[in-house]
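Subject: Structure handover

Hello,

Here is the structure I said I would pass on. Please open it first; my notes follow below.

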Amino acid sequence: MKFSTKAIHEGSEPGEHGDVIPAIHLSTTFKHEAIGIHGKFQYGRCGNPSREAVERQIASLENGKFGLGFSSGLAAIDCVLKTLKQGDKIVASDDLYGGTRRLLTQVYSRFGIGVEYVDTTNVELVKKKINDDVKLLWLETPSNPILKVSDIKDIVESVGRNDLVIAVDNTFMTPYFQNPLSLGVDVVVHSTSKYLGGHSDSIGGAVVVNNEKLYEELKFHQNATGAIMSPFDSWLLLRSIKTLSIRMEKHNSNAQKIAEWLAVQKRVKKVYYPGLEDNEYHQLAKTQMGGFGGVISFEIDEYETFLENLEMVSLAESLAGVESLIAHPWTMSHCSVPEEEKIRLGINKNLLRLSVGIEDVEDIIADLEQAMEKI
Ligand SMILES: Cc1ncc(COP(=O)(O)O)c(C=O)c1O
């Protein structure tokens with residue numbers, strides 16, 4: 001089956017009453033036939049039919065065998081980190097979602113798990129950082145918020161494998177535009193709060209893997225520590241993912257038009273969007289990704305006045321909903337990153353991150369334009 005067919009049918013097989021849309025299974029527990037004789041599900045934290053359906057759906061879209069659903073994207077990332085032990089090291093992309101960096105730097109360092117950040121767009125630098133102590137290579141591509149693109153296949157082929165696990169946070173691209181497992185990585189992670197959910201009404205996370213042993217270990221931690229996706233969020237997500245392909249097409253085409261428009265505005269100093277021909281990652285993005293996504297970052301004069309004057313586009317955390325949102329990474333998503341590191345990464349005070357929604361593109365541009373005129 002192709003992508004949209006899988007998105008609509010995987011996990012949504014007609015139920016016992018012939019229901020075309022699966023019911024939400026709220027039961028926290030499941031009856032045993034007798035001692036030691038029970039069905040697939042026993043207790044809701046260990047497994048639940050609604051969660052199992054969406055875990056299968058996401059796994060199939062990522063061309064993976066096993067999916068796991070979590071209560072947030074960070075809980076999904078945390079579960080992968082729990083497979084490490086004291087003394088292990090992590091190498092991670094330097095331009096990461098601020099919450100992932102906070103988890104690595106401020107939480108896991110306390111347990112003796114060190115992290116080194118590296119510009120993963122430079123494969124030679126990545127190779128230099130990998131040694132026997134490094135057990136996890138964490139990639140975010142395109143990165144948040146500068147949208148730097150790392151060459152997944154080249155990295156996979158260049159670093160010695162042994163027991164190194166390579167993970168990609170695929171939140172920005174979604175499986176519709178990028179399939180890291182097919183490029184050779186071991187783990188794919190999503191904040192389903194973003195495009196997979198797509199309607200800004202559910203927080204969740206997912207992990208997809210092909211290796212059964214790794215899956216069993218992740219499943220153990222998911223159950224042992226308990227940050228599972230709720231039945232309602234699972235059901236809502238199963239429903240949202242059915243329209244992922246058409247939403248991503250529209251996010252992508254709107255973002256391309258807006259990035260091209262921003263690039264010629266005199267108030268705008270710099271535009272980061274891999275779909276622009278002069279973007280340094282454009283050629284790589286064209287081969288690795290099926291589209292360039294719906295997020296654009298740009299630097300603008302007098303950003304505070306600009307933000308105050310936006311009427312339709314809301315200043316808000318998060319991204320990837322059907323409605324356009326704008327964020328100020330300096331004070332919002334990346335507030336926990338030290339100032340000097342933000343500046344080194346190009347996250348300046350006048351950098352804004354626009355999550356382009358699927359409204360009519362003329363209306364989004366009209367709002368940006370009228371706010372810009374008031375600067
Ligand atoms: C790329 C990326 N990964 C992970 C996360 C964390 O996801 P959540 O907010 O669902 O915990 C985010 C949140 O913004 C993100 O942008």
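R353 is a buried residue, because its relative accessibility is 3% (buried means under 20% relative accessible area, exposed over 50%, partly exposed in between, with a 1.4 Å probe and protein chains only). This is a predicted model, so local features need pLDDT of at least 70 and side-chain atom pairs count only at pLDDT 80 or more, while totals for chains, interfaces and linings use all residues. Residues are numbered from 1 along each chain as its sequence is written, and side-chain values use heavy atoms, with hydrogens and water left out.

R353 sits in strand β12 (helices, H or I of at least four residues, and strands, E of at least two, are DSSP runs numbered from the N terminus). Not counting residues up to four places away in sequence, R353 touches N144, P145, V295, I296, S297, S318, L319, L325, I326, A327, P329 and S333; contact here means heavy atoms within 4.5 Å. A polar atom of the R353 side chain lies 3.4 Å from the backbone oxygen of S318. A polar contact is a pair of N or O atoms within 3.5 Å; within protein, one must be able to donate a hydrogen and the other to accept it, and residues adjacent in sequence count only if both atoms are side-chain atoms.

Strand β12 also packs against the buried residues of helix α14, as do α10, β8 (268–272), β9 (295–300) and α12 (303–309). Those buried residues are V361, I364, I365, D367, L368, Q370, A371 and M372. The 13 residues of α14 (residues 361–373) should span 18 Å at 1.5 Å a residue, and the end C-alpha atoms are 18 Å apart, which agrees. The expected span is 1.5 Å times one less than the number of residues.

Next, the nonpolar cores. A nonpolar core is a set of buried Ala, Val, Leu, Ile, Met, Phe, Trp, Tyr and Cys residues joined through side-chain atoms within 4.5 Å. The largest has 80 residues, of which I258, F298 and F306 touch the most other members. Helix α10 (residues 244–262) gives the most to this core, with 7 residues. Another core, of 28 residues, lies apart from it and includes L84, L136, W138 and V187. Leaving aside neighbours within four places in sequence, F306 is in contact with F298, I300, I326, L352, L368, A371, M372 and I375.

Helix α2 is largely enclosed by the rest of the structure, because 12 of its 13 residues are buried. Its cover includes α1 (3–9), β1 (66–70), α7 (174–177), β7 (205–209), α8 (212–225) and α9 (231–241). At the N-terminal end, N48 caps α2, with a side-chain oxygen 2.7 Å from the backbone nitrogen of S50. After α2 comes N63, with a positive phi near 55°. E52 belongs to α2, and its side chain makes a polar contact with the side chain of K40 (2.9 Å).

Last, the ligand. It is surrounded by 14 residues, the closest being G73, D169, S191, S193 and K194; a residue counts as near if one of its heavy atoms lies within 4 Å. A ligand nitrogen is 2.6 Å from an N or O atom in the side chain of D169. A ligand oxygen is 2.6 Å from an N or O atom in the side chain of S193. The protein covers 91% of the 390 Å² of accessible area that the ligand has on its own (Shrake-Rupley method, 1.4 Å probe; for residues, only the protein chains shown count as cover).

Regards
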